[in-house]
Amino acid sequence: MEIISVKSLTKRFGNFTAVDNISFGLKPLTINGFLGPNGAGKTTTIKMICGLLRPDEGSIFIENIDVIENPEKAREKMGYMSQNFSLYPDLTARENILFFADLYKIKKSERDNRYAELTDELNLHEYQNTLTSDLPLGIRQRVALASAVIHHPVLLFLDEPTSGVDPISRMKFFDFIRKYINSHKATAIVSTHFLTEAAHCNEIFLFNRGKIILSGQPAEIIQNFRYNIFETKTSLLTGEIKNILNNSEGIIEFYIFGKRVRIITEEDIDIQQISVRTGIDISNISVVAPSFEDVFISLTND
Amino acid sequence: MISITNLRKSYKSKTDKSFVLDIRELTIQRGEYVSIIGPDGSGKSTLIKIICGISPFESGKVCIAGYKLPEEFIKARLKIGYLSQNYTLYKNLTVYENMDYFASLFGIGGKKEKILNLLELVGLLDFKDRLSKDLSGGMKQKLSIACALIRSPEVLVLDEPTTGVDPRSRREIFSIIEEKVAQRMTVIFSTSYMDEAERAERVIIMNNGEILRDFKTENILNNNIYKSIEQFYTHIIEK
């Protein structure tokens, strides 16, 4: 059974359709990445799922609860973590976590057990009595996570949860998430700009202009990428390269990095054609495997 | 361009942990492109702030573009463009006015042409009359870089330049940075993203206030042991 099921969801603000008839379902034991440029509709979708914004059309069910009819009951099933907004800076780590426990009306005995469990699992012992405003970023993220899962939610929202920390902290963070969703048969939604976070997801949903334009496993998405990517070294001036590439057909996008140029083209353009069009010797051009960033950038082209 | 010997700075953090930055020797030549990585609290930002002359230190020799810190700070800072982790823009000024303000601050002559050129470089010329508070995260960051470049610095120092920035702007930011690298500007940046670190020609890994490793990127990537800087980093730090 799906943990969350969204059907034909639409939200308009005046003439602007922020979310345009989207449907998806999320199974337990999955980490799902919501990606897309600013204004693509990710946040509006999440706000509707959280019951904070009423959709114009469509339905949202979390397990068997109708979110639109019964937002408060649905919210008991959800945990929300945003690195920026979810902690009170003038409370200690401990006070923050317990505050969230109390919001969810967890009984004191159970609350204290759960608190001990989470401080253990997230290695928070030495920081319990420090104001969260004085904690380093990586620790603050862990406190926010503890606060988000204290009530055993089955649907976890994580908003750029690991931005600004090193790969090891990021890996540990996602290890915890993985364990959590396994033990709780839960599902997580990671909303992010960072493709390093997307790499930890089972499934990716790429939003653009209010629609989900692509979904699938990260490896699958890269495999299905239909454009070609070339890199070349050149001694041409930036203006000259821009001139040539802006006037060439079949070029989706290009980025100049000093003397290197990365070119994304339609799939029918090969290395020879690139050489002819740019006047760059073929030995100076190489075919590059697409990164997730290339996929993101070319598909969310305005 | 940058030379540091026996640098030491210590303080007690708010979490009551004492922190010591201890750098025996660090030299960065003109035109080098260097990234600094390391765990949260390893001293990346502290080192960057010392290089930019805005953080005091207890002992050691720090020389920037031939000027000794802290004594010749005023002269040194004209040589450095610095992008801090927090936006330093005036939100009620337009894009152009922000640039104009920084240009006046540093007594830049012929500033109008310079400003317009820089705004073109960072792709904000069409937005020059927009209030900076109405810019997206990526645009704010690009404007901050333009402000840092207005004094034509010899060294550009950026503390986590892509935090809070979407993938497209992230590419554009590196496009700006690497155009400057191609023009032989010395560029140093810190990051928590290993694919960004890998773009630089030289990588410095910091841990517990010390330089743990300092190497040419290609030396690690060409030796066929590590596929990426991320692999190397994870291996080194976990050890």
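This is a predicted model: local features need pLDDT of at least 70, side-chain atom pairs count only at pLDDT 80 or more; totals for chains, interfaces and linings use all residues.
View 1. The domain assignment divides chain A into domain 1, which covers residues 4-216, and domain 2, which covers residues 225-300. Between the C-alpha centres of these two domains of chain A the distance is 38 Å. Where the domains touch, domain 1 of chain A supplies eleven residues to the contact, while domain 2 of chain A supplies six residues.

**View 2. Helix 5 and helix 6 within chain A.** Helix 5 of chain A spans residues 137-149 and helix 6 of chain A spans residues 167-184, and the axes of these helices come within 12 Å and cross at roughly 10 degrees. Because angles under 35 degrees count as roughly parallel, helix 5 of chain A is described as roughly parallel to helix 6 of chain A. On the side of helix 5 of chain A, the contact is made by A:Gln141, A:Leu145 and A:Val149, which meet A:Phe173, A:Phe176, A:Ile177 and A:Tyr180 in helix 6 of chain A. Sorted by class, the residues of this contact are six nonpolar and one polar, with no charged residues.

**View 3. Helix 11 of chain A against helix 6 of chain B.** Here helix 11 of chain A, residues 292-299, packs with helix 6 of chain B at an angle of about 110 degrees, and their axes are 9 Å apart. Since angles of 65 to 115 degrees count as roughly perpendicular, that is the term used for helix 11 of chain A and helix 6 of chain B. In this contact A:Glu293, A:Asp294, A:Phe296 and A:Ile297 of helix 11 of chain A meet B:Pro167, B:Arg168, B:Arg170 and B:Arg171 of helix 6 of chain B. The residues that take part comprise five charged and three nonpolar, with no polar residues.

**View 4. The second largest pocket and its lining.** The space in the second largest pocket amounts to about 1600 Å³. Its lining is made up of 47 residues, and those lying nearest the centre of the pocket are B:Met194, B:Asp195, B:Glu196, B:Glu198 and B:Arg199. Helix 6 of chain B, residues 167-182, gives the most to this lining, with six residues, and chain A takes part as well, with at least three residues drawn from each of its domain 1 and domain 2. When the lining of the second largest pocket is sorted by class, there are 19 nonpolar and 19 charged residues, together with nine polar residues.

How values were computed: Residues are numbered from 1 along each chain as its sequence is written. Chains are lettered from A and ligands numbered from 1 in the order in which they are written. Side-chain values use heavy atoms; hydrogens and water are left out. On a 1 Å grid over the protein atoms alone, a cavity is a set of points where a 1.4 Å probe fits but cannot get out, and a pocket is an open set with protein on both sides within 12 Å along at least five of seven lines; lining residues have an atom within 4 Å of a point. Grid points are joined across faces, edges and corners, and a volume is the space filled by probe spheres set on the points. Helices (H or I, at least four residues) and strands (E, at least two) are DSSP runs, numbered from the N terminus. Ala, Val, Leu, Ile, Met, Phe, Trp, Tyr, Cys and Pro count as nonpolar, Asp, Glu, Lys and Arg as charged, and the others, Gly among them, as polar. Domain bounds come from an automatic or database domain assignment. Axes are lines fitted to C-alpha atoms, for helices over the stretch in contact, and angles run from 0 to 180 degrees between N-to-C directions. Angles under 35 degrees count as roughly parallel, over 145 as roughly antiparallel, 65 to 115 as roughly perpendicular and the rest as oblique. Contact means heavy atoms within 4.5 Å.
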